[in-house]
Amino acid sequence: MQTTFTKEQLNDPATQRSNEILRSCVHCGFCTATCPTYQVLGDELDSPRGRIYLIKDMLENERVPDEKTVKHIDRCLSCLACMTTCPSGVHYMHLVDHARAYIEANYKRPFSDRALRWILSRILPYPARFRLALLGAKIARPLRNLMPDPRLKAMLEMAPKHIPPVSRNDDPQSFAAVEPRKKRVALMTGCAQKALNTDINDATIRLLTRLGCEVVVAEGAGCCGALTHHMGREDESHAAAAKNIRAWSSEIDGKGLDAIVINTSGCGTTVKDYGHMFRNDPLAADAARVSERAMDISELLMQLDLPISADKGLTVAYHAACSLQHGQQIKTHPKTLLKRAGFKVVEPADSHLCCGSAGTYNLMQPEISGQLKDRKVRTLEAKMPDVIAAGNIGCMMQIGSATELPIMHTVELLDWATGGPQPPAMTEPGKRAPTIPQLR
């Protein structure tokens, strides 16, 4: 694609990067075949190729974003299926991130949009605030049909029926490995996950220590910044990321870290991009060290000696989170590990398509998100599984809200198969409890 940025414009590192990305696009349209919003809406401007044209025009002409451009960019899930499909290697993620930051800086949204985004950015990244908000939403949930804005209704419906108590395992500390120690790793405990589901981090710690890892929860680490980053709120997202970089760098410079393990794939995609995000910052070197050590939990487990187990007699439908299969290009590890642990693994049709969660997308675009959710649940249930497994809390909440099948994190099943407790989701009220054979 030909571009016409001026030399002055290209002095801006973000514009320079966008120019590189735009020039790599050859207009082939392969991306439209795997774009969830294009499949749902059928509008070329709701495809990656259409959005690329809108972004190019907006950035080249340095124009104030108009309502049409903002609407179509806001509808993007950032699922990154287009990056998996693209034969030219167009790095759409960096381009759309730049566009969102540009819109945030140059476009005045309607008051309701500004208020909603402010509320989400001030609540979701902070576990204590999020817990209070979930409690309030749980109390107000019976009134959800009276909400004038469908986004407010979606926020009330998001509240789980059960809000778990705080897990002290999420506090800064170190968990000793079962000897002999093989690795020393930092666990990113996250933000929203600590309020929505404490079983995931607990299972991760049990499993990793059992397999010979000393697990460290670093002082000062918290939200990865992804939630605000995808809203274009760069100052907030970079501030959160910087805290993590400093916290983990301190551990690297202290007793050392073999890996920074992440069990929420949406966070993993962002942390692995810290090196790019901070490439022109005084923290550049430390950010690069952090990104180099960042690993999804499935990547780390593939390096450890997960025992081969006998058939467990349970069929697991594996949902591939977009941030894992497209953002991090990790497609086989979770399935390999589940099979190794003795589970029968099945995959839904169109497993490359998003479930519609996408961070805060299900709250800000509830209609499109709902259509994608219903589609995903139908394809998962069609496989007649006993349980559903996924590697991202957002996907788990999204899919779990529309199915009676138990849904849990992959690591919970692996922990159970290797001596840990049965995942609590197996017996969650309102879910269809599977017939659980005796594990052997």
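These legends describe close-up views of one predicted model. Residues are numbered from 1 along each chain as its sequence is written, and side-chain values use heavy atoms, with hydrogens and water left out. In this predicted model, local features need pLDDT of at least 70 and side-chain atom pairs count only at pLDDT 80 or more, while totals for chains, interfaces and linings use all residues.

**View 1. Strand 2 and its two partners.**
Strand 2 covers residues 183-188; helices (H or I, at least four residues) and strands (E, at least two) are DSSP runs, numbered from the N terminus. Six of its six residues are buried, so strand 2 is largely enclosed by the rest of the structure. Buried means under 20% relative accessible area, exposed over 50%, and partly exposed in between (1.4 Å probe, protein chains only). Lys183, Val185 and Leu187 point one way from the strand, and Arg184, Ala186 and Met188 point the other way. Two strands pair if DSSP finds at least two bridges between them. Strand 2 runs parallel to strand 3 (residues 213-217), joined by four bridges, and Arg184 stands opposite Glu214 there. Four bridges also link strand 2 to strand 4 (residues 259-262), again in the parallel sense; here Ala186 is opposite Ile260.

**View 2. Cysteines without disulfides.**
The structure holds zero disulfides, a disulfide being a pair of cysteine sulfur atoms within 2.5 Å. For Cys25, the closest cysteine sulfur belongs to Cys86, and the separation of 6.7 Å is too far for a bond. Cys25 is buried, with a relative accessible area of 8%. For Cys191, the closest cysteine sulfur is in Cys223, at 3.6 Å, which is also too far for a bond. Cys191 is buried as well, its relative accessible area being 7%.

**View 3. Glu62 in a loop.**
Glu62 lies between helix 3 (48-60) and helix 4 (67-74), in the loop. Glu62 is exposed, with a relative accessible area of 54%. Leaving aside neighbours within four places in sequence, Glu62 is in contact with Gln9 and Tyr102, where contact means heavy atoms within 4.5 Å. Glu62 and Gln9 are 53 residues apart along the chain, and their C-alpha atoms are separated by 9.1 Å. Their side chains make a polar contact (3.3 Å). A polar contact is a pair of N or O atoms within 3.5 Å; within protein, one must be able to donate a hydrogen and the other to accept it, and residues adjacent in sequence count only if both atoms are side-chain atoms.

**View 4. Two nonpolar cores.**
A nonpolar core is a set of buried Ala, Val, Leu, Ile, Met, Phe, Trp, Tyr and Cys residues joined through side-chain atoms within 4.5 Å. The largest one has 71 residues, of which Leu208, Leu301, Leu338, Phe343 and Leu413 touch the most other members. Not counting residues up to four places away in sequence, Phe343 touches residues including Leu314, Val316, Leu338 and Trp416. A second, separate core of 25 residues includes Val70, Val90, Val96 and Ile103.

Strand 8 (residues 387-390) is joined to strand 9 by three bridges, and Ile388 has Ile407 as its bridge partner in strand 9.
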